[in-house]
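Welcome! Take a look at the structure first, and then read on.

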Amino acid sequence: MSVTILMPAYNGAAFLARSLKSISEQTYRDWRVFVGDDGSTDDSHAVIARSGLPRLTLRHNARNIGWAQTVNLLLADVDTEYVAVLHQDDWWEPSFLATVTAMMDRSPASVLAVTAARVVHPSRPDAVWGLHQGWPTEQGSTCPSSVAVSLLLPADPIRCPAVLARTELYRKYSFDESLPYACDWLMWLRAAVMGSVEVSAEVLANYQLHEASQTTSLTRASLTTIDLLRMIEVLRTEWAGGREPVKDAIGKLTAGITDEILADAGLKIEGGDLAGAEVQLRFARAIAPSIRQSVLGLAGHHGISLLRLPLMASLSTPITRLGRRLW
Amino acid sequence: MSQVTVLVPNYNGAVYLRECLESIVAQTFADWELVVGDNASTDASLSIVASMADRRIRTVRRPRTIGWVANVNLLLAEASTPYVAILHADDWWQPAFLETTVAMLQAAPRSLVATCAGRVVRAGRAAESVGLFQAWPVSLGSTCPAGEVARLLTRRNLMPSATVLARAELYRRFPRYEPALPLLGDWLMWLRAGATTDFEVTDSVLANYRMHAANQSASAEANNLWAMDVLRVGRILQAEWAGTAAPYPGAAKAIAAAIANDLLERAALRMERGEYETARLLARLAWATAPTAGQRMLARLGELGIRLFGRGPLGRFRQPLAGMARRVKPAMQRSLM
């Protein structure tokens, strides 16, 4: 057996059939599946049983503990050369495993193979994400370690279902359970430090983005920010004492995260959530490593004060649109 | 069925594990069962548990080391008794702990938590005692009412997990410790629970809480992770306590103020130690999260001070100034809030 597919599942009866079917339709057959059920209360089990997928092992957590924790537990029994993590709501094109295993077999120094991923959202047109956007594959499929690290520092273009990893990555690292929204980014960065990354521009994975309800997305916005801040601190410790994989790695990471927080603040202003935007702008200003970003944060802040005036409120949407386009 | 389940999460805790387990066996209240949750230890932990030879003790093993919060959350599923306690492998109890706390909960059917005083043990030596009794003098009665508990714990976590016996109902209402809070998950648990339920309080010292250089508290402090957990507790509760959900008037603002205050204190400590960049970052985060103009000004002043005195010719004034600031700040804080 060459590939173990790990699937953390929690109340995903509505999605599981699609993801399990995409496994059964793989042209590459040398795989097995561990499903880790994280305390589901819906009829996930029936859906899994109905799928009739061979070589499937179902594990149960006695309580709901989180997806990263579930994957970390499943990793204990992996004895194949490669590992893929497929979430219950994501799915593959039939040639995904064939493509990524072939790339990895050809390139023993590579730790990851990554394809392009289609990001599917109920109310937005599909977008395509992947490392090929920074590493055009005409240069060959093997993106060297230092280049991959540089591409992954400012933002995370890799979606989880688009990845096949060499198992040695997970012998060294577990998914960081204190980073529910950023632990995969941290994992890909660590992988890129360990070795090169195989890149394909083919869209072979599908990533389901959910329409979040207003309140949960509000809470999540600031918790995502704290995940990102925490990730900076984790890597600052890991890379202390001259162990930075590329020059000024923490600076580049911090700049990327500042941009992400600023962009989120822009979206919030457009959506009329001035209080939420203000919090984000404060965090951006607190960590901004460059003068450009500090100024943007400051301008945004004063902009919000202006928008709070009654006359200006009607102008807020066109102004912020303009602002977002300018930067 | 026994009355109490004691859950002992353990990861490579062999050095202290025997003392912990023996302190449970030595309880004057004997109607308990004990489950060790071994997080894939690689030391002698398992043979120590086996050597205890007590039928009330059993072990569950994780196949791979997971976070300690996840280990505790999985352990909670092992408890089917009316009462549950969580005792970490490096902590231990005095013999009367269970007898006292069980009696307190039996006498107060509406309380979900009973908590005693805990002696902090540093480098093997007993230091101060901590507990909810510091904020709720037992002369006011043993029952600290819902809402008031949350208010008293807002400033800081006074309750090490070793000082707590909980009714199983607590973990039905709040089924898990927050996975993203490896350092402060118990604080959030007591704050959430204390918002809606009464706590029983005693000032008897019945638990021992070990602080040593190797435990996670110390290393996390060194790399800012503690500050990140503090920030997260603040953001979670500000959202949960908004509007009419506040457990006491002004709760959302109070937790934000406490968080900013905590970060500023950490900044001053770092400054004293000469860790200039970290001190500055913490002061800026305090500014970012401060709820009032007064606190934001204080944070700004702090950062300005760090920039002025952190480096260069004025650097030698750094230590005395930071020390002074730490002493003066609480007074300023009160006047500004």
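A crossing of two helices is called right-handed if the near helix is turned clockwise from the far one by less than a right angle, and left-handed if it is turned anticlockwise. Keep that in mind for chain B, where helix 7 passes helix 9 in a right-handed crossing. Please note that this is a predicted model.

**Helices 7 and 9 of chain B**

- Two packed helices are described by the angle between their axes and the distance between the axes.
- For helix 7 (residues 185–196) and helix 9 (residues 225–240) of chain B, the packing angle is about 20 degrees and the axes lie 11 Å apart.
- Angles under 35 degrees count as roughly parallel, and helix 7 and helix 9 of chain B are therefore roughly parallel to each other.
- Helix 7 of chain B brings B:Trp187, B:Leu188, B:Leu191 and B:Arg192 to the contact, while helix 9 of chain B brings B:Val233, B:Ile236, B:Leu237 and B:Glu240.
- Six of these contact residues are nonpolar and two are charged, with no polar ones.

**Helix 4 of chain B**

- In helix 4 (residues 97–107) of chain B, the buried residues are B:Phe97, B:Leu98, B:Thr101, B:Val102, B:Met104 and B:Leu105.
- These residues sit on the same side of helix 4 of chain B, because they cover an arc of only 160 degrees around the axis.
- On the face turned away from that buried side, you will find the exposed residues B:Gln106 and B:Ala107.

**Chain A as a whole**

- Chain A contains 13 helices and ten strands.
- Chain A has 327 residues, of which 54% count as buried.
- Among the contacts in chain A with a separation of 6 or more, 76% involve residues 24 or more positions apart.

Methods
Residues numbered from 1 in each chain as written. Chains lettered and ligands numbered in written order. Predicted model: local features only at pLDDT ≥ 70, side-chain atom pairs only at ≥ 80, totals over all residues. Heavy atoms only, no water. Buried < 20%, exposed > 50% of the residue type's maximum accessible area, 1.4 Å probe, protein only. Helix = DSSP H or I, 4+ residues; strand = E, 2+ residues; numbered from the N terminus. Arc of directions from axis to C-beta. Axes fitted to C-alpha atoms, helices over the stretch in contact; angles between N-to-C directions. Parallel < 35°, antiparallel > 145°, perpendicular 65-115°, else oblique. Contact = heavy atoms within 4.5 Å. Nonpolar A, V, L, I, M, F, W, Y, C, P; charged D, E, K, R; others polar.
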